[in-house]
Amino acid sequence: MGLLDGRFAIVTGAASPRGLGKGTARLFAEHGATVAILDLDAEAARAAAADLGPQNLGLACDVIDKGACEAAVAALLDRWDRIDVLVNNAGITQPLKIMDIAPENYEAVLDVNLRGTLYMSQAVIPGMRARGFGSIVNLSSVSAQRGGGIFGGPHYSAAKAGILGLTKAMARELAPDNVRVNAICPGFIATDITAGKLTPQMNKAILDGIPMGRAGEASDVAGCALFLASDLSAYCTGTEVDVNGGSLIH
Ligand code: NAD
């Protein structure tokens, strides 16, 4: 028996082959969920979804675009009639110092991470409220809690800290409707988000700061997302769960 049998889930930014979103979508499907992968490129999203089994869907959706978020959710509701789980995973980062953050850097990083989380949540909330059931899982970061120092710059820390505030405020507002909202704070996970900009020196410095002595894997984050998406966490809302190998113990 799967923990998400009969549930319908959206995972944004889940086309990246080694990414946290794909790992999460895969584990959800293994646990019985029907999954929609939303990402920038339609073909990549469809291929990633097909990888998880024929019942899953891939759609193009730029989470910065409110109309695109609404259209994707409307298309899924047409087919499924309900959405039980949303994982706001789409995100980008940039390794910049404070004085190097140009307006376009601020906009790109704040928009995808924070605005995207807001718009996608707004698209699914009415249906979840009407059914009195739902779980929203937001991807924050240890960078929000410890002030960066891993890869992303201060604008990334700010966006991810914004996600924590948004998560907690949404959790409070939606709790009476039995819609739970929680955040995951991953530490350093080996994916392609660093886009080839992680030098061997940076990699060593990061690993030296991880008590468990290894980078995390997408499956480490997926397990936490499964817990938060499923009824195992039925009384958890507004929480931030660390998945960081001990790199921040607080
Ligand atoms: P990744 O780069 O492997 O995947 C990110 C995905 O988001 C890509 O498929 C990309 O196409 C998609 N995306 C980018 N902009 C988008 C947009 N506007 N609309 C829709 N999709 C968009 O990244 P990842 O490492 O798997 O990270 C996933 C999430 O976890 C991100 O929010 C990231 O900030 C967070 N996170 C990652 C780490 C880590 O160490 N990898 C640590 C902490 C938090």
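**A chat about the ligand site and a salt bridge**

Analyst: The side chains of D192 and R18 form a salt bridge, with 3.1 Å from N to O. Keep in mind that this is a predicted model.

User: Where in the chain do D192 and R18 sit?

Analyst: D192 is in the loop between β6 (179–186) and α7 (200–208). R18 is in the loop between β1 (8–12) and α1 (20–30). The pair links distant parts of the chain, 174 residues apart.

User: And how many salt bridges does the count come to?

Analyst: The count comes to 13 salt bridges.

User: OK, on to the ligand. Where does the ligand sit?

Analyst: The ligand is in the largest pocket.

User: Which residues come nearest?

Analyst: There are 27 residues around the ligand, and S16, L20, D39, Y156 and T191 come nearest.

User: What does Y156 do there, in terms of distance to the ligand?

Analyst: An N or O atom in the Y156 side chain is 2.6 Å from an oxygen atom of the ligand.

User: What about the backbone atoms of I189 and V63?

Analyst: A polar backbone atom of I189 lies 2.8 Å from an oxygen atom of the ligand. For V63, a backbone N or O atom is 3.1 Å from a ligand nitrogen atom.

User: How much of the ligand's accessible area does the protein cover?

Analyst: On its own the ligand has 840 Å² of accessible area, and the protein covers 91% of that.

User: Which helices supply at least two residues of the shell?

Analyst: α4 (103–131) and α6 (154–174) each do.

User: And how do the shell residues divide, nonpolar, polar or charged?

Analyst: The shell around the ligand has 13 nonpolar residues, ten polar and four charged.

Definitions and conventions
Residues are numbered from 1 along each chain as its sequence is written. This is a predicted model: local features need pLDDT of at least 70, side-chain atom pairs count only at pLDDT 80 or more; totals for chains, interfaces and linings use all residues. Side-chain values use heavy atoms; hydrogens and water are left out. A residue is near a molecule or strand if one of its heavy atoms lies within 4 Å of it. A polar contact is a pair of N or O atoms within 3.5 Å; within protein, one must be able to donate a hydrogen and the other to accept it, and residues adjacent in sequence count only if both atoms are side-chain atoms. Accessible areas come from the Shrake-Rupley method with a 1.4 Å probe; for residues, only the protein chains shown count as cover. On a 1 Å grid over the protein atoms alone, a cavity is a set of points where a 1.4 Å probe fits but cannot get out, and a pocket is an open set with protein on both sides within 12 Å along at least five of seven lines; lining residues have an atom within 4 Å of a point. A molecule sits in a cavity or pocket if more than half of its atoms lie within 2 Å of its grid points. Helices (H or I, at least four residues) and strands (E, at least two) are DSSP runs, numbered from the N terminus. Ala, Val, Leu, Ile, Met, Phe, Trp, Tyr, Cys and Pro count as nonpolar, Asp, Glu, Lys and Arg as charged, and the others, Gly among them, as polar. A salt bridge is a side-chain nitrogen of Lys or Arg within 4 Å of a carboxyl oxygen of Asp or Glu.
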